[in-house]
Amino acid sequence: MNHKALIEEKLEKALKKAGYEVDSRSIVLEQPKQENFGDIATPVAMNLAKIAKKAPRLVAEEIVQNFEPDASVVEKIEIAGPGFINFYLAPLLLQQTIHDVLKQGAEFGKSEFGGGEKIQFEFVSANPTGPLNVVSARAASVGDVLANIYRTTGFDIKKEYYVNDAGRQIRLLGESLNARFLTEIGQETPIPEDGYHGDYLRDLARQMAESDAESLKSLPETERIPLFSEKALSYMLDQHRQSMHEFGVDFDVWFHESELRKNEEHLKVLQRLEQSGHTCEKDGAIWFKSTDYGDEKDRVLVTSKGRPTYFLVDGFSPRKQIF
């Protein structure tokens with residue numbers, strides 16, 4: 001039994017001795033905001049004062065008087081403010097906690113609190129158009145720690161990396177690789193102005209030029225760009241997986257936005273939003289009425305050209321729910 005449970009048990013006994021019938025679930029134990037107010041505090045006396053028709057401090061005194069002393073658990077008890085009861089834990093108990101941590105190792109802190117409830121954690125999910133960076137590392141650290149905490153406390157966790165592999169950015173990635181490839185085989189070609197100018201595609205372009213230059217060069221551009229988009233995407237995702245693995249973070253699921261679009265999951269979400277009255281039409285586009293929820297402006301879900309926006313496909317993704 002941990003120290004919090006021990007104090008709760010002794011508090012319950014003290015309350016009964018003092019003549020107060022209190023359900024153990026109503027006993028609140030919390031960590032004081034200031035260290036000089038002890039290690040654990042309870043406002044139970046103030047909560048009982050109205051029922052007892054007594055001053056909170058008087059109720060607190062009755063509880064403390066009936067609290068069974070145990071020097072191995074509580075070194076000192078004080079009444080503070082309007083009736084808080086502050087407990088100062090015994091040094092030996094705190095030292096024992098360190099011993100328990102070392103003894104239990106990776107098992108320390110494990111519980112079945114979550115009861116197997118399923119939760120999906122989707123984090124990092126950096127665009128596959130470039131290498132991961134320090135912001136990705138921060139997201140990976142926070143997301144992985146949270147997921148591991150929930151898993152340790154009995155939740156059924158899935159860690160997902162959502163791959164934004166559809167739309168204009170992936171086409172531009174293919175065009176950028178195409179320019180690098182053509183330059184490698186002696187046909188100097190500028191990267192599109194809004195393409196990806198980093199050096200990270202050069203290695204891939206060089207590999208392709210060395211292994212399959214003639215067949216790739218002979219392809220019509222209408223075929224070569226989609227092929228290069230696919231190759232660049234696969235190359236960048238391999239880099240992301242390796243970087244995350246070396247960082248100590250491995251995902252259970254790598255879900256592709258293209259799969260979501262293929263199965264038209266986003267259109268099912270759009271239909272639900274329309275049926276529930278959360279959308280409106282304006283300037284030929286379909287908008288989500290986000291101002292109803294405090295947003296500064298409504299957001300476009302489908303453009304006037306009939307194209308689903310990032311806001312619809314990513315923000316309302318059905319993958320980003322409990323799985």
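Buried means under 20% relative accessible area, and exposed means over 50%. The model used in these exercises is predicted.

**Exercise 1.** Determine where Lys 53 lies and whether Lys 53 is buried or exposed.

Solution. Start with the backbone: Lys 53 is not a glycine, yet has a positive phi of about 60 degrees. Most residues other than glycine have a negative phi. Finally, apply the cut-off: the relative accessibility of Lys 53 is 77%, so Lys 53 counts as exposed.

**Exercise 2.** Describe how helices α6 and α8 pack, and classify the residues in their contact.

Solution. Two packed helices are described by the angle between their axes and the distance between the axes. For α6 (residues 168-184) and α8 (residues 221-246), the angle is about 100 degrees and the axes are 7 Å apart. Angles of 65 to 115 degrees count as roughly perpendicular, and α6 and α8 are therefore roughly perpendicular to each other. Residues making the contact include Leu 173, Leu 177 and Phe 181 of α6, and Ile 225, Phe 228 and Ala 232 of α8. By class, the contact of α6 with α8 holds nine nonpolar, three polar and five charged residues.

Key
Residues are numbered from 1 along each chain as its sequence is written. This is a predicted model: local features need pLDDT of at least 70, side-chain atom pairs count only at pLDDT 80 or more; totals for chains, interfaces and linings use all residues. Side-chain values use heavy atoms; hydrogens and water are left out. Buried means under 20% relative accessible area, exposed over 50%, partly exposed in between (1.4 Å probe, protein chains only). Axes are lines fitted to C-alpha atoms, for helices over the stretch in contact, and angles run from 0 to 180 degrees between N-to-C directions. Helices (H or I, at least four residues) and strands (E, at least two) are DSSP runs, numbered from the N terminus. Angles under 35 degrees count as roughly parallel, over 145 as roughly antiparallel, 65 to 115 as roughly perpendicular and the rest as oblique. Contact means heavy atoms within 4.5 Å. Ala, Val, Leu, Ile, Met, Phe, Trp, Tyr, Cys and Pro count as nonpolar, Asp, Glu, Lys and Arg as charged, and the others, Gly among them, as polar.
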